[in-house]
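Have a go at each task before you read its solution.

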Amino acid sequence: MGYLDNASTTKPHNEVLVAMCDEQTFGNPSSVHKFGQNSSMVIKNAREILSKKINCQPEEIIFTSGGTESINTAIFGAVTKLKKRGNHIISSQIEHTATLNTLKELENRGFEVEYLKPTKDGKIDPKSFANAVREDTILASFMMINNEIGSENDIAKLCKIFKEKTKFGLFHTDAVQALCKTKIDVKNLGVDFLSVSGHKIHGPKGVGALYIKKGTNIPPTIFGGNQQYGIRSGTENTHGINGFSKAIEINNIHDDLSHIESLNQYLKVSLERHFSDDIFYYNGKSDTPYIVNFSIKGIKSEVALRVLEQHEIYVSSGSACTKGKLSYVLLAMEIDRKIADGSIRISFSFNNTKEDIDMLIRGLTVCVEMFK
Ligand code: PLP
């Protein structure tokens, strides 16, 4: 079996599953007795692990139900705080739907949202961004790594431009595809918010986190028992949080990118060898080695995915969240519709091997033969 769809989700690591069943996690962290205190310690420990990973203070982290909730919390929090100072928001056409649909809702509520067009490489051009920032811009939100094509934005540069041009605007980055795959240092990035998720790094589903820079003071969007500094009420998902922090620790062991880089190289060499001139890549050299998105002339991804599955190879066409539709990311990059219709996304994890790629190539060869 070759699972090459790790940008959609990853298989929870065995140690993560063990951590989630840990008896220390069952108490209510708000209880004063020892079981409550044990759970409270689990959360404290997880905050420390994540804060070390992204270089912030533990108090700057809240745990959420995943990337989507983190993104919603940051965006709604920022605009609720700043709505009296401005009405303008900047983002891009190729954000994940967690961002795009949140912004759409804000448009319904009267905010003006400007969606920047990406470059041909699927990135935000700093100059276009600088031109778009206005006096009344209250929020900018750009992803670090695109989930479909693996393009990387220079978030530090974009954030610097923003902070130079606005006195009060807040900057959010969706780092769901970046955590444990590229170095994240929120101090260097300069961002006010950063969203991450557990299930992309062999952690559990339904748990994520939001970094909120000290002093940002956004109002809560979820109300209740005032857990997590009052920003995110609700009894914490202690099992998930313990699993998430264990996943970060496991990823720390695999921090070295060389294995993923060699898989990336091997895939590209194998594709060239077998399909040479018929290959079209969407992402360039400087992008994450974890994601490779390509089309092979004459092959439709919908069919390819089914044939590959018969060979026990699991990949995606574009994002798992937009199945069935032509990718809005590729269309925004002005990729020819016929080519975009054949998009196949391979996404690696540290547990993939060259044998997985050999299986993929065998499956793709069958597809090509079928379409001859
Ligand atoms: N942002 C990006 C870039 C993603 O890839 C995903 C998940 O596919 C999300 C946000 C949403 O995260 P979650 O599934 O944890 O809600």
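**Exercise 1: the cavities**

There are 3 cavities of 30 Å³ or more in this predicted model. A cavity here is a set of points, on a 1 Å grid over the protein atoms alone, where a 1.4 Å probe fits but cannot get out; its volume is the space filled by probe spheres set on the points.

Task: find the volume of the largest cavity and describe its lining.

Solution. Start with the volume: the largest cavity has about 100 Å³. Next, look at who lines it, meaning residues with an atom within 4 Å of a point. There are 13 such residues, and Lys181, Asn251, Tyr290, Ser349 and Phe350 are the closest to the centre. Finally, sort the lining: you get 5 nonpolar, 6 polar and 2 charged residues.

**Exercise 2: the ligand**

Task: work out which residues surround the ligand and which polar atoms lie by its oxygen atoms.

Solution. First, the shell (residues with a heavy atom within 4 Å) holds 13 residues, and Gly67, Thr68, Asp174, Ser197 and Lys200 are the closest. Helix H3, residues 67-82, gives the most, with 3 residues. By type, the shell splits into 3 nonpolar, 8 polar and 2 charged residues.

Now zoom in on ligand oxygen atoms. A polar side-chain atom of Ser197 sits 2.6 Å from one. For Gln177, a side-chain N or O atom is 2.8 Å from a ligand oxygen, while Gly67 has a backbone N or O atom 2.8 Å from one. The protein covers 88% of the 390 Å² of accessible area (Shrake-Rupley method, 1.4 Å probe) that the ligand has on its own.

Residues are numbered from 1 along each chain as its sequence is written, and side-chain values use heavy atoms, without hydrogens or water. As the model is predicted, local features need pLDDT of at least 70 and side-chain atom pairs count only at pLDDT 80 or more, but totals for chains, interfaces and linings use all residues.

Note on methods:
A polar contact is a pair of N or O atoms within 3.5 Å; within protein, one must be able to donate a hydrogen and the other to accept it, and residues adjacent in sequence count only if both atoms are side-chain atoms. Helices (H or I, at least four residues) and strands (E, at least two) are DSSP runs, numbered from the N terminus. Ala, Val, Leu, Ile, Met, Phe, Trp, Tyr, Cys and Pro count as nonpolar, Asp, Glu, Lys and Arg as charged, and the others, Gly among them, as polar. On a 1 Å grid over the protein atoms alone, a cavity is a set of points where a 1.4 Å probe fits but cannot get out, and a pocket is an open set with protein on both sides within 12 Å along at least five of seven lines; lining residues have an atom within 4 Å of a point.
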